[in-house]
Amino acid sequence: MSVAERLLIDRLKERDEQAFNEIVRLYGDKVFSLVYRMIGSRAEAEDIAQEVFITVFKTIDGFRGEAKFSTWLLRIAANQSKNRIKYLARRATDPERDGDGDGAEGAVASHIAPLAARIEAPDVMMEAAELDGLLQRAIADLDEEQRLLVVLRDVEELSYEEIGEVTGLPEGTIKSRLHRARMAIKEWLDRHTR
């Protein structure tokens, strides 16, 4: 942990509002990205991301500095995402169709717009959008544990060690579950692209 990050956390422990705003600025996109990919709904992801930062503010005294702050924060985000998935399942609500019209396909649209300026051929852009949409749906079809591992490793690009800190799983377990998740994605894509 850098000296600047340590000082920022110390200020947060003193309930410094500017430190809290800085934490949100530094890590807000990363938290939102993880939650959004886990949940698939922009509105739900925004709510959960806010809850994550409120939890961080309330529980910062419990942060011992044994792991990186970012992995501690992502662990909170992952746990709250999994809890929301379970809650939505109990309510028999489909998280991809929560009425905001912004499920996994919305994630695709938000990531494609910046590409339009870089890709000259519209057919290439549409093909990329279709593939990204299929990948999003395949990831959304995984169970929450597999989805979390895929998002942490392949989307957030965390190391196996960092994933272990977030999930509490040993490296070998992470690798084997990640392999099974990737195989499930491949099988899903094979079924839906023929």
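Modeller: Start with Glu 156, in the loop between α7 (144-155) and α8 (160-167). Keep in mind that this is a predicted model.

Colleague: What makes Glu 156 count as buried?

Modeller: Its relative accessibility is 12%. Buried means under 20%, so Glu 156 counts as buried. Leaving aside neighbours within four places in sequence, Glu 156 is in contact with Lys 30, Ser 33, Leu 34 and Val 151.

Colleague: What makes the link between the side chains of Glu 156 and Ser 33 a polar contact?

Modeller: The distance is 2.8 Å. The cut-off for a pair of N or O atoms is within 3.5 Å, so the side chains of Glu 156 and Ser 33 make a polar contact.

Colleague: Why is Lys 68 called partly exposed?

Modeller: Its value is 40%.

Colleague: Now the rings. How many aromatic pairs does the structure hold?

Modeller: The structure holds 6. In one of them, the ring centres of Phe 32 and Tyr 36 are 5.4 Å apart and the planes are at 20 degrees. Planes under 30 degrees apart count as stacked, so this pair is stacked.

Colleague: Why is the pair of Phe 63 and Trp 72 called tilted?

Modeller: The centres are 5.1 Å apart, with the planes at 50 degrees. Stacked needs under 30 degrees and edge-to-face needs over 60, so Phe 63 and Trp 72 are a tilted pair. Both residues are buried.

Key:
Residues are numbered from 1 along each chain as its sequence is written. This is a predicted model: local features need pLDDT of at least 70, side-chain atom pairs count only at pLDDT 80 or more; totals for chains, interfaces and linings use all residues. Side-chain values use heavy atoms; hydrogens and water are left out. Buried means under 20% relative accessible area, exposed over 50%, partly exposed in between (1.4 Å probe, protein chains only). Helices (H or I, at least four residues) and strands (E, at least two) are DSSP runs, numbered from the N terminus. A polar contact is a pair of N or O atoms within 3.5 Å; within protein, one must be able to donate a hydrogen and the other to accept it, and residues adjacent in sequence count only if both atoms are side-chain atoms. Contact means heavy atoms within 4.5 Å. Rings of Phe, Tyr and Trp (its six-membered ring) pair if their centres lie within 6.5 Å; planes under 30 degrees apart count as stacked, over 60 as edge-to-face and the rest as tilted.
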